[in-house]
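Subject: Structure handover, with notes on salt bridges and the chain interface

Dear colleague,

I am passing on the structure we spoke about, and I would be grateful if you kept it open while you read my notes. Please take your time with it.

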Amino acid sequence: MTQEDIGGQRLGIVVSGSLNKGIEVKLHSSASVEDMAVGRYVTIEGNKRRFFGMITDISLGVIDQKLTLTPPDVSDPFMAEVLAGTSTYGTLHVLPTLTISGDATSLLEGPQPVKTVPSHFSAVNLASQRDVELVFGSEDEKKFYIGTPLDMETKICLDLPELVKRSNGIFGKSGTGKTFLTRLLLIGMLQKGTAVNLVFDMHSEYGWESRSEEGRKVKALKQLFPSKVAVFTLDEEGSRRRQVSTDFVVRIGYDEIEPEDMVLLRQTLNLTEPAVEAVYQLSRRFGKNWLQSSLDLKDSEETRELLKEMSIHESTYQNLQRGLATIRRLPFFIPHTLDNPVKRILEYLDQGINVVLEFGRYTDITAYILVANLLTRRIHAQYRERMEKAIGEDIALPHPLVITIEEAHRFLNPELASQTIFGIIAREMRKYNVTLLVIDQRPSGIDSEVMSQIGTKITCLLDNERDIDSVLAGVSGKSELKSVLSRLESRQQALIFGHAVPMPVVVRTREYGSPESYKDFIPGGEAEIRKQAEKDIEELWE
Amino acid sequence: MERVGEVIEASTTGFVAQCYELYQSPPLGSLVKTRDLPLELYGIVYNATTTSLEPGRRPIARGKDEASEEEIYKSSPQLLQLLRSEFSALVVGYRENDKLYHYLPPKPARIHGFVHLCPPGEVKEFSQSFDFLNILINTHLPVPADELIAACLRQMSQVYEDPHPFLVVAGKELAILLSGEFNQLKAILGRIRTS
């Protein structure tokens, strides 16, 4: 293989290292240490196989300690040139992650996780476009192009069918591009048709256009794929004002709320433990209509008798009443509904149409937790039933469903994770073809058991030590990735690792938001939208 | 090929040659060779002397009444016959069957072997490998090794159109050989710098 074949620039040679801690590479004198960057890919040409790895640290070395004590006169270019790479040199710390062996079987199987280290003095090159393609695959009907590696033009692709088999997480500080990344991923799933999505859209960003931080209008799913996306709303008025074409206005009847829903709201509604107990008692007493009946209770002797009978303390009752009043104040909760939102959502999902539920002005966390949890529990139950039926009767399995939730630490914190449906979905994963897409800015607030079950993690810049630790928990080469993660740029860069990618990868995310970018997302058939994109481009020039 | 002298003393590691003309010894650090068929031995000039022909007879000062130094030799023409110039070379390699070896030959040079100054082409060929530097560093000589190495590299660099790249590569080789002796390295580099 000639240097041209490999394509990458010659960097140096392996001088020491271990599988656990990574490999030390002495930089060749022709390669400047200032041109290196953590997060870049290298290939190592071992004797029997090639290794693929990532630069995780860069350091300086001298051959003789005297040099550091009496530094040479580097203003003399000759002296500097001679010493560079000989007496003074750069070293790279490389974390090898994959091996690519030369024989036929391994070519078929593709890159394998690394189980050994390259031998001494193996040559190290910068990975070429072809190497990266070999590892991450190229865009096809299953793989979705999410971004490019640093300083390269190659496309990094996510294996979407693999991705939706597990729950996934998108993390990052506020303003680092989580929303853009989520839109991209949702579009990917839509485009490749690997799963249907149910998005609990707290800030109304995914269904219809919203504004980016620079104040530019950014299109969302419904505008790009009108036939594949349905927008449901809780806030009809707000949606109308934003000129969103909604498909369904969600109203939830009191009788839909079950005691389990109240458990989750304990913190947000400030309910006491006995108050939650009381909910169960009330529900046993009044049945399905417990909420309405409880609200209807008058402050009378009769009521007091009743409470006494159920041994509910007066103060507990007051506490509960205050909580219930908060729920009653949410306008989309009404005593009785004619239409069942769960049924409607399932109808759409069955047709392969993705549902975005906009919360409009009800960005209050109480509403979000209650609605998301309520709907998800029923949908999950339906899926579970269908899945069991499908297995029993040997018919087609239901379409994989991905549920997107924001502010995930509110649902999945250690206290609630065992109780909410989201905790259950995250843990039992793909058994019922329902998985989560978790979006959060405080991953340390999420239960570690749930975190460990998240298949693929996409994380933008995080700088809180605890958040970084919780995201990287259990990943091999954690300390190396830590240095990569904390050095991400604050925009458009993300570290992806886990199930859907063969090795951790830093990407500059694909562009989203410009008319050209929309064009790339839309498959060839939809000429009309294509035309719209062209019109948008023209408008830019006007 | 310029003939510069004749071997009058030889050992495995070096040889001494007498110049045909007084004061005509090759420059310090230059590459010379002598033939001992089928071998050709390469040496680097590390020392040159001019002494009286007879060891016991020292020259005496003669210029008190002369106007210039040239006049001394003119008025005493026998001087040229009573003095002789010699130079010593360190053997650094040999050629056998058209192949170059940058290490010591199996046997020393022959007495009365002619010594030639190597032409530029041959210097270039020989300096493709820097293995000879190791011999220069590790041999104890009456001249300081730093001076000799610097002189030798300066001489060799002259056959290149652009001496800079050659000196950089040589410098890097030295940096590795002298990895523990930075001061010596610094001294040599200071002596071979082009600008």
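Below I go through the salt bridges and then the place where the chains touch.

Please keep in mind throughout that this is a predicted model. A search of the whole structure, taking in all chains, finds 27 salt bridges, and I describe some of them here.

In chain A, a salt bridge joins the side chains of Lys173(A) and Asp463(A), with a distance of 3.0 Å from N to O. This pair links distant parts of the chain, since Lys173(A) lies in the loop between β10 (167-171) and α7 (178-192), while Asp463(A) lies in the loop between β21 (454-459) and α19 (465-472), 290 residues apart. Lys173(A) has a relative accessible area of 30%, so it is classed as partly exposed.

Another salt bridge in chain A is formed by Glu489(A) and Arg508(A), whose closest N and O atoms are 4.0 Å apart. This pair, too, links distant parts of the chain, with Glu489(A) in the loop between α20 (478-485) and β22 (493-498) and Arg508(A) in strand β23 (residues 505-509), 19 residues apart. Glu489(A) is partly exposed at a relative accessible area of 44%, and Arg508(A) is also partly exposed, at 32%.

In chain B, the side chains of Arg84(B) and Glu86(B) meet in a salt bridge at 3.0 Å, N to O. Are these two residues buried or partly exposed? Arg84(B) is partly exposed, with a relative accessible area of 24%, whereas Glu86(B), at 13%, counts as buried. Elsewhere in the list, salt bridges that share partners join Lys33(B), Arg35(B), Glu40(B), Arg95(B), Asp98(B), Glu122(B) and Glu125(B) into one network.

Now to the interface, where 16 residues of chain A are in contact with 16 residues of chain B. The two chains bury about 1,400 Å² between them, and 68% of that area is on carbon and sulfur atoms. How many salt bridges are there between chain A and chain B? The count is zero, although three residue pairs in polar contact are found across the interface. On the side of chain A that touches chain B, the elements giving two or more residues are α2 (66-69) and α3 (77-83), and the largest share, five residues, comes from α3(A). The residues of that side divide into eight nonpolar, four polar and four charged.

With best wishes

How values were computed. Residues numbered from 1 in each chain as written. Chains lettered and ligands numbered in written order. Predicted model: local features only at pLDDT ≥ 70, side-chain atom pairs only at ≥ 80, totals over all residues. Heavy atoms only, no water. Helix = DSSP H or I, 4+ residues; strand = E, 2+ residues; numbered from the N terminus. Buried < 20%, exposed > 50% of the residue type's maximum accessible area, 1.4 Å probe, protein only. Contact = heavy atoms within 4.5 Å. Buried area = accessible area lost by both parts, 1.4 Å probe. Polar contact = N/O pair within 3.5 Å; in protein donor to acceptor, adjacent residues only side chain to side chain. Nonpolar A, V, L, I, M, F, W, Y, C, P; charged D, E, K, R; others polar.
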